[in-house]
Amino acid sequence: MSTPAATLSVPKVPNAGWRITSILTAIAVFIVLHVFALRGTDFQLTALVSGAEGMASFLADAFPPDLDWETVVAPALKATTVTLWIGLLGTTLSIPSALLLAVFASRTTTPHPWVYQLSRAILSFFRAVPDIVFALIFVTAVGLGPFAGVLALICHNTGVMGKLWAESMEETDSGPQQALATAGASRFQQVTHAALPMVLGQFVGLLLYRFDVNVRSSLVLGLVGAGGIGLLINQSIKSFRFDAMLTQILVVLVLIVLVDQLSSFIRRKLEV
């Protein structure tokens, strides 16, 4: 007696009606969320149109920019240099703490699951708190000036860089590290001789990107008293010197372009 042939189980493919229903549901949810968002933010294009006269008056006061060297341009250049130093120190001085937390927050290099969870929590805290909030805290603690801005960027950049570096280490091949472990190497030797050399190029690239971002952020920190060109822009706005404000913004634009070009140049050299 012949045995009946086994029937192959074929996975069910969702029919076209189910896919159309899912797409329509997603579109409906998308529209509803945006309706609530528009109402919650009081988004009204009519208000923008009605405020066109005020915007025209503002632009008329800002143009042409005030190019007086002694009262506007020279102070703007000096303050912009301070902004650059804030971004630089906020980036480089966060490297030790970000690197240590990244090693502990990576599944491939952490010494213990509890250390992993704790490091992830610390990084999440530093990353979740905006740098401008850190600036307000440190301005209260150490007073007005660029030192508060540097401290704020160190804290926030530790969280961001630690997270990015930890994910980079988790995505690398763990073979070399396991080979060292089999040979009897310590955890520190595994990290320094296997894990870190494999991601060094990515680390530098991410660091340069964060330096670019931190220079821009240091401009905003100046608006809350953390020094730099942002402080001058805030003072110009409050005193209704919009022509001086425009000059200061143009100086910032030149700085941002130069920093961006420098970062791109260094990244290209590292890729060669």
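This is a predicted model: local features need pLDDT of at least 70, side-chain atom pairs count only at pLDDT 80 or more; totals for chains, interfaces and linings use all residues.
Local features here need pLDDT of at least 70 and side-chain atom pairs count only at pLDDT 80 or more, while totals for chains, interfaces and linings use all residues. Residues are numbered from 1 along each chain as its sequence is written, and side-chain values use heavy atoms, with hydrogens and water left out.

Begin by selecting helix 5 (residues 95-104) and helix 8 (residues 146-170), whose axes come within 8 Å and cross at roughly 40°; helices are DSSP runs of H or I, at least four residues, numbered from the N terminus, and axes are lines fitted to C-alpha atoms over the stretch in contact, with angles from 0 to 180 degrees between N-to-C directions. The two helices are therefore oblique to each other, a class left over once angles under 35 degrees (roughly parallel), over 145 (roughly antiparallel) and 65 to 115 (roughly perpendicular) are set aside.

Glu167 counts as partly exposed at 31% relative accessibility, where buried means under 20% relative accessible area, exposed over 50% and partly exposed in between (1.4 Å probe, protein chains only).

Finally, move to helix 10 (residues 187-222) and select Asp212 and Arg216, 4 residues apart, which form a salt bridge at 3.2 Å, N to O. Asp212 is buried at 7% relative accessibility, whereas Arg216 is partly exposed at 38%.

Terms used. A salt bridge is a side-chain nitrogen of Lys or Arg within 4 Å of a carboxyl oxygen of Asp or Glu.
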